[in-house]
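Please read the following report alongside the sequence and the coordinates.

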Amino acid sequence: FARSEFGRAKRARRAAARKAAVNPPVHPASPNSHPGQPLPNLATREETRNSYQEALQARRLRTGRPYFFEQLDGWVVAIRVPLYDSGDQLRGVMTAGYRIEGGTTGWVNMQLPPHVSVALAGEDGYLRFMHPLKAGAEQPATEIYSKPIAKGGIDWIGSLSTSTGFELTNLPRADGANYIAYRHIPEYGLHAGTFTRQDWVVIDWLQHMLVPSLLLFTFLVVSFLAYRHAAHSQAKSDIAITELSAWQHAVLDAAGYSIISTDTRGRIISFNRAAQQTLGYRPQEALHRDLAELLHDPQELAQRAAQLSWNPDYRVNPGFEVLITSAREGLTETREWTYVRKDGSRIPVRSSISPLHNERIEVIGFLCIAEDLTETHAMRADLRDIQARYTTLFKHAGDAILLMRNGRFVDCNPK
C-alpha cells in the first residue's frame with residue numbers, strides 16, 4: 001500500500017512539471033524579480049558582454065560597466081566570477097548586480113567631507129561608481145554611467161606610473177583642476193580615487209586651516225632644527241666610532257700574535273694581519289667559517305673530546321665545543337694545539353680562548369689569541385741536542401772531569 005501511494009504521488013508531480021513546462025506562468029512587470037521570471041541574456045548585451053570576456057581571460061572576479069537592469073528597475077554594477085570544476089574546466093559564469101542607488105551596500109550611505117567625491121573607474125574607460133552624483137541633473141545616473149570617461153581622463157589614467165599616488169590634475173567631469181588620491185587595483189581591473197576641487201581646498205584652508213597650518217609649520221621648523229642637531233651629533237658619534245674602530249684595527253694588526261674572534265657558534269668574525277701571515281688565509285677566505293673546522297687538527301679535537309667526555313652523562317662533540325668548555329664558564333683556557341695552514345702544513349701554537357661579553361655581561365662571542373711555537377720548539381730541540389752532546393762528551397772523556405759549585409763537587413764522569 002505504501003509503495004503504491006508513493007508511486008501515485010511521484011506520477012502526480014511529474015504531470016504537474018510537464019504542465020508547467022507547456023504553459024509557463026506569466027508574471028506581471030515589476031521592479032523586483034521573482035522566481036521563474038525570464039532574465040535577459042547578459043552575454044549578448046553591448047553593455048554587459050565585455051565583462052564576461054574579461055572574467056574568462058582573467059580567470060577571476062571582474063566588474064563590468066554599470067547598466068540599467070529592468071528587472072530591478074535601477075542601475076547596477078555587474079560582477080562576474082568564472083566557475084571551474086576540479087579538472088579546471090569552465091562550467092559557467094556567476095553573475096551579480098549591485099544596485100548603485102537604493103541598495104543595501106555601504107557605499108550608498110557614505111558620509112564624506114564637504115566637496116569630496118569618490119569614484120571607481122574600470123580599465124575600459126567607464127565609471128563603476130561615483131558619489132555623490134552631480135546635483136541638478138534630471139538623469140544623473142544615465143549621464144554618469146552610460147557614457148565613457150572623456151578622453152582626457154582615460155589618457156590621465158593610462159599615464160599613471162605608480163599603483164598609488166596623489167596628484168593635481170584636470171578631471172573633465174569634476175569641473176576643472178582637482179586634487180586626487182588614487183589607487184590601482186589590477187586584480188579587479190579598477191582604479192579607485194578620492195578627489196576634491198583645488199579652489200575648494202584653498203578656500204577651506206583659508207577658512208579653517210590657517211592656524212593649524214601655522215602650528216604645523218612651527219612644528220616642522222622645530223623638528224628640522226632638532227633633526228639637524230641630532231644628525232650633527234650622529235655624525236660626530238660616527239666619526240668617533242670610526243676612529244675607535246681604526247685604532248682597534250691598528251692595534252690588532254700590529255700585534256705579533258694571531259688574534260681571531262668568533263661568535264657564540266664558532267664562526268670567525270675577525271682575523272688580524274698576524275693570523276693572515278701565519279696561516280695563509282685572506283680575511284674573505286676565513287670570515288664566517290667555523291674556527292675548529294678551518295684551523296684545527298681533527299685528531300687532536302677528537303682526543304680532547306674523549307678526555308672531556310670521561311663522564312658518561314656529559315659528552316662533548318669533537319668540534320668548537322672542545323675549545324670553549326672553560327670559556328663558557330667565564331675562564332680563559334690556554335693549551336697547545338696544532339694549526340693547519342691553508343697550504344696543508346702544520347704549525348704548533350699556544351692558544352688562549354676567552355669569552356667576550358656585552359654591557360649586560362652576556363657572552364656574545366670568543367676571543368682566540370694564538371702564539372706560533374715553531375721557533376720555541378726549534379730552540380727546545382736545539383737545547384736537547386746540545387744536552388745530548390754534552391752528556392756524551394762528559395761520560396766518554398779520556399780525562400777525569402769534576403764539576404764543582406760553591407766549593408762542592410756536584411758531578412763527575414766515570415773516569
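Which strands does helix α11 lie across, and at about what angle does it run to β12?

## Basis

This is a predicted model, in which local features need pLDDT of at least 70 and side-chain atom pairs count only at pLDDT 80 or more, whereas totals for chains, interfaces and linings use all residues. Residues are numbered from 1 along each chain as its sequence is written, and side-chain values use heavy atoms, with hydrogens and water left out.

## Sheet and helix

Helix α11 (residues 374-396) lies across β11, β12 and β13, and runs at about 135° to β12; helices (H or I, at least four residues) and strands (E, at least two) are DSSP runs, numbered from the N terminus. Angles run from 0 to 180 degrees between N-to-C directions, with axes as lines fitted to C-alpha atoms, for helices over the stretch in contact, and contact means heavy atoms within 4.5 Å.

The open sheet has five strands in the order β10-β9-β13-β12-β11, with antiparallel pairing, where two strands pair if DSSP finds at least two bridges between them. Its edge strands, β10 (268-271) and β11 (333-340), each pair on one side only. Nine bridges join β12 (residues 346-357) to the antiparallel β13 (residues 363-372), and Ile353 stands opposite Cys368 in β13.

Leaving aside neighbours within four places in sequence, Leu291 is in contact with residues including Ile260, Phe320, Leu323 and Cys368.
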